[in-house]
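Morning, everyone. Please have the sequence and the model open while I talk.

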Amino acid sequence: MNERQRQQVLMLWLAGPGLDGRVLGWSFFDGTEGSGPQPIADPPYATGTAALVAGWRLLQMSPLVPPTPGHERETSFLKHEFVFERLVDLDATDAVGGVDASSDGATTASPPEPRKTNLAH
Amino acid sequence: MDSVPLLTTDQMASFVARGFLRFEAAIPDDINAQAMDELPRLFRSWLDEFRGVTRAAEGATISDDEAPLPRSGTALDDAYPVDSAFGRMVRVPMIAGAIASLVGPGPVIDHHFVHIKGAGDLNAQGLHCDAIIDDGIAFDIQLFWFPHDVAPREGGTRYVPGSHLRRVNMDDVARYQHLAGDQYHSGPAGTVVIFHHGLWHAGAPNHGTRNRVMGKLRLNPTVPQVRLWDTSDVDARNRADDHIWARTDPAQVASELRRSEDWYEPSAHRLETVKRAHLWRYLTGDPSFDVDWYLTRTERRTALAGAAARL
């Protein structure tokens, strides 16, 4: 990564442990502060595989961890988390294909709002 | 409390499955108008205390119509003057009936707070549940009172149906910016949404031109939360043998308790069903209740293994 490139991170939570699972949730963290291509659909992709097709690179996926004895029936965080990245050249903001394509059947939504910690709501 | 309308079995089952109940335009306009005057002042008084600013130092006095902040543990009936905004809100029959059905007679104040989301404040608060991981199956409720109309995208609280029984701590779920089926409150003035204490929620961006005001009140039960609603139909609807792969009856409570949410993993959905069955056992006092036989089959096998060990 050169000094004119910035990382964008896309997190997808899928219905199952494989990348072909349906997207249940997603988050987007933008090292370009909005100057790079932005997600325009909710969800931006229908599956994890669709994100690969769009050019995202898989960084990490959740390991399959056996349940803790005595807590086999607990639910907590979403289990099937996949983290993707792409690099954006600040001098050519469409270098990775411009604005994201809408996924099949997805509805248009506003891009993610900026995040800020404040008082519990 | 005898004359207030209690919740129905369907409403209670929905609360157990989804973690909230919504009462649209439940509070009359005059109480909402009073709240729009009192609640922002309550917020400012809290800010003063939080910042260590004494009102006396500013030459101010507490007016007669301004309720002091109740201490935690104060009985709800004693916490607010009957003519104050909070005092009137909790005495609206529909709300009083919901409170009585969920936490019974004699609940106590945990705390209240006034949340103001300023016009044009586009910060999206991280998703969280309040307090910490709360052990046990008994639950608190939190009333979210919106005393003015809230249009879509004007700061209505975001919340995630069916998240209330997941074991997470505070804002450890802030990573989830978008979950399928999450909701952003919008609705007419006087709407109250009652949450199970574990429901994930967050302050949402306010794209509107006016401040969004919301009064939140957390209540603790002081009695076991067993059969507090209108239970006249529950015994006939409480079969343990209603099973999605055998015979189902849409009139049974189980039909609501097996509801899924769009953001659930299929495997987690079954575990959520089991957790709801446990909660329904607590609420009904029926230790044999089940949904889709998950508890019954394992409990029977465990009993067999125990019996074998004693041979």
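Some ground rules. This is a predicted model: local features need pLDDT of at least 70, side-chain atom pairs count only at pLDDT 80 or more, and totals for chains, interfaces and linings use all residues. Residues are numbered from 1 along each chain as its sequence is written, while chains are lettered from A and ligands numbered from 1 in the order in which they are written. Helices (H or I, at least four residues) and strands (E, at least two) are DSSP runs, numbered from the N terminus.

Stay with helix H1 of chain B, residues 9-18. 7 of its 10 residues are buried, so H1(B) is largely enclosed by the rest of the structure. Buried means 20 or more other C-beta atoms within 10 Å of a residue's own; exposed means 12 or fewer, partly exposed is in between, and C-beta atoms are placed from the backbone. The buried ones in H1(B) are Thr9(B), Met12(B), Ala13(B), Phe15(B), Val16(B), Ala17(B) and Arg18(B). Their cover includes E1, H5 (93-103), E7, H6 and H7 of chain B.

Now the sheet in chain B. Its 5 strands are ordered E1-E7-E3-E9-E2, in an open sheet with antiparallel pairing. Two strands pair if DSSP finds at least two bridges between them. The edges are E1 (20-23) and E2 of chain B, each of which pairs on one side only. On average, neighbouring strands are turned by 15° against each other, direction ignored. H1(B) packs on this sheet, touching E1 and E7 (191-196) of chain B, and its direction makes about 130° with that of E1(B). Those axes are lines fitted to C-alpha atoms, for helices over the stretch in contact, and angles run from 0 to 180 degrees between N-to-C directions. Further along, E3(B), residues 141-146, and E9(B) pair antiparallel over 5 bridges. There, Phe144(B) stands opposite Lys216(B).

Next, H2 of chain B. H2(B), residues 29-51, lies across E2 and E9 of chain B. H2(B) runs at about 100° to E2(B). H2(B) has 23 residues and reaches 33 Å from its first C-alpha to its last, close to the 33 Å expected. That expected span is 1.5 Å times one less than the number of residues. There is a bend of about 30° at Met36(B), and Pro40(B) follows within four residues. A bend is the angle between axes fitted to the seven residues ending at a residue and the seven starting there. Buried in H2(B) are Ile31(B), Asn32(B), Gln34(B), Ala35(B), Leu39(B) and Leu42(B). They pack against H4 (85-89), E2 (108-117) and E9 (212-220) of chain B.

On to the two chains together. How many residues of chain B are in contact with chain A? The count is 31 residues of chain B, against 27 of chain A. Contact means C-beta atoms, placed from the backbone, within 7 Å. H7(B) gives the largest share of the chain B side, 6 residues. Strand pairing crosses over too: E2(A), residues 23-30, and E5(B) pair antiparallel over 2 bridges. In that pairing, Trp26(A) stands opposite His178(B).

Trp263(B) sits in the loop between H6 (254-257) and H7 of chain B. Why does it count as buried? Because 22 other C-beta atoms lie within 10 Å of Trp263(B).

Chain A, quickly. E1(A), residues 5-14, and E5(A) run antiparallel, joined by 9 bridges. E4(A), residues 57-61, pairs with E5(A) antiparallel over 4 bridges.

Most residues other than glycine have a negative phi, and most peptide bonds are trans. The bond from Asp42(A) to Pro43(A) is cis, with omega near 0°. Met170(B) is not a glycine, yet its phi is positive, near 45°. Arg227(B), also not a glycine, has a positive phi of about 50°. Arg227(B) lies in the loop between E9 and H6 of chain B. With 15 C-beta neighbours inside 10 Å, Arg227(B) is partly exposed. Thanks, that's my tour.

Note on methods: Two residues are in contact if their C-beta atoms, placed from the backbone, lie within 7 Å.
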